[in-house]
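Hi everyone, thanks for making time this morning. I'd like to walk you through one model, and please have it open while I talk.

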Amino acid sequence: MFRLHVALLWTINDFPEFGNLSRWSTRGEKACPYCSRNTKSRWLNHGRKYCYMDHRRFLPLSHKFRKDRVSFYGTMEWGYAPSRLSGSILKREVDDILTEYKKEDVKKRKRDEMEKKKKDEKEGGSDKNYWKKKFIFFKLPYWEHNSIRHNLDVIHIEKNVYDNILWTLLGVVGKSKDNLKSRRDLKNWGLRRPLYLQQQGATKVYLPSVCFTMNKVNKDVFLKVLKSVKVPNGYASNISRCVHMKEHTIFGHKSQDSHTNGPNQFARRFKRYDINGFRFHTKNTEKSRVTQNTGVV
């Protein structure tokens with residue numbers, strides 16, 4: 001008989017599931033778990049969603065992008081990247097969160113939440129708690145001391161990035177990120193004036209072309225390349241089967257189709273080889289033979 005000890009090192013999941021596991025609200029204005037309350041976001045009135053800003057603060061102070069006004073949103077960035085919260089600090093933040101309520105306390109809890117929400121909005125929302133509840137893994141005595149508690153599965157992230165870039169390049173209606181709503185939000189922000197919507201007549205609206213806009217000829221060339229592309233075995237999936245030339249689009253691909261495995265990690269072995277007309281075998285191959293050749297270790 002022996003006693004088996006088990007330890008949970010970390011979890012691997014996609015971003016929505018990360019919100020369920022860590023109990024941090026991964027939606028809304030403070031959705032980034034790394035930046036926490038220092039997340040910079042801005043509401044898009046026409047897109048009806050939050051846009052997350054100030055990513056340049058993670059760059060070195062001498063990086064040229066920090067001074068680039070034109071390529072970004074009209075301002076320079078001199079802020080510092082937020083420091084990572086330790087597990088002990090996170091545990092202290094969630095220790096006081098009440099997660100179990102009696103039935104008679106439900107109405108009182110909702111009323112208190114509404115009053116607190118109004119107070120936060122009036123005072124700027126600095127004291128708002130974005131934790132949904134206390135994460136059960138914090139009951140483990142070592143969990144707060146883990147350097148990495150949660151890992152994101154990149155295959156789902158790659159799929160989203162892949163789809164958004166591809167559909168925007170091909171101009172797929174309903175899926176492209178370059179649409180009427182995004183152009184109207186640009187006008188609200190006062191950015192990229194040449195890309196504003198242009199009214200043509202009483203009912204028609206024209207979208208000025210951008211640097212990545214492709215016509216039918218460009219799309220044919222682009223899709224033909226993807227249709228004929230060949231990669232080493234095991235490196236990536238066969239994307240050519242998802243290319244549809246007549247519709248000028250790509251569909252039918254899955255999450256694993258957006259992921260590349262990289263070069264083969266296994267070295268190939270050979271039992272024999274020929275050099276200058278002489279054939280050499282490995283020793284294991286010649287064990288059962290009558291004639292002996294120079295063995296290769």
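I'll go from the overall picture to one helix, then to charged pairs, cysteines and a loop.

A word on the ground rules. This is a predicted model, so local features need pLDDT of at least 70 and side-chain atom pairs count only at pLDDT 80 or more, while totals for chains, interfaces and linings use all residues. Residues are numbered from 1 along each chain as its sequence is written, and side-chain values use heavy atoms, with hydrogens and water left out.

Let's start with the whole protein. It has seven helices and 11 strands; these are DSSP runs numbered from the N terminus, with helices being H or I of at least four residues and strands being E of at least two. Of its 297 residues, 25% count as buried. Buried here means under 20% relative accessible area, exposed means over 50%, and partly exposed is in between, with a 1.4 Å probe and protein chains only. The accessible surface comes to about 22700 Å², and 55% of that belongs to carbon and sulfur atoms; the areas come from the Shrake-Rupley method with a 1.4 Å probe, and for residues only the protein chains shown count as cover.

H4 has 17 residues and reaches 24 Å from its first C-alpha to its last, close to the 24 Å expected at 1.5 Å a residue. That expected span is 1.5 Å times one less than the number of residues. Which elements do the buried residues of H4 pack against? They pack against helix H6 (216–228) and strand S8 (249–250). Buried residues in H4 include Tyr162, Leu166 and Trp167. Just after H4, Gly171 takes a positive phi of about 65 degrees.

Ile157, at 36% relative accessibility, counts as partly exposed.

On to charges. How many salt bridges does a search of the whole structure find? It finds three, taking a side-chain nitrogen of Lys or Arg within 4 Å of a carboxyl oxygen of Asp or Glu. One of them joins Glu93 and Arg37, with the closest N and O atoms 3.4 Å apart. Glu93 lies in helix H2 and Arg37 in the loop between helix H1 and strand S2, so this pair ties together parts that are 56 residues apart in sequence. Lys159 and Asp163 meet in another, at 2.5 Å from N to O, and both lie in H4, four residues apart, about one turn of the helix. Asp163 is buried, at 6% relative accessible area. Asp178 and Arg183 also pair, at 2.7 Å, and Arg183 is buried at 2%.

What about cysteines? The whole structure has zero disulfides, a disulfide being a pair of cysteine sulfur atoms within 2.5 Å. For Cys32, the nearest cysteine sulfur is that of Cys35, 3.7 Å away.

Last stop: Asn146, in the loop between helix H3 and strand S4. Asn146 counts as buried at 17% relative accessibility. Leaving out residues up to four places away in sequence, Asn146 touches Leu8 and Leu9, where contact means heavy atoms within 4.5 Å.
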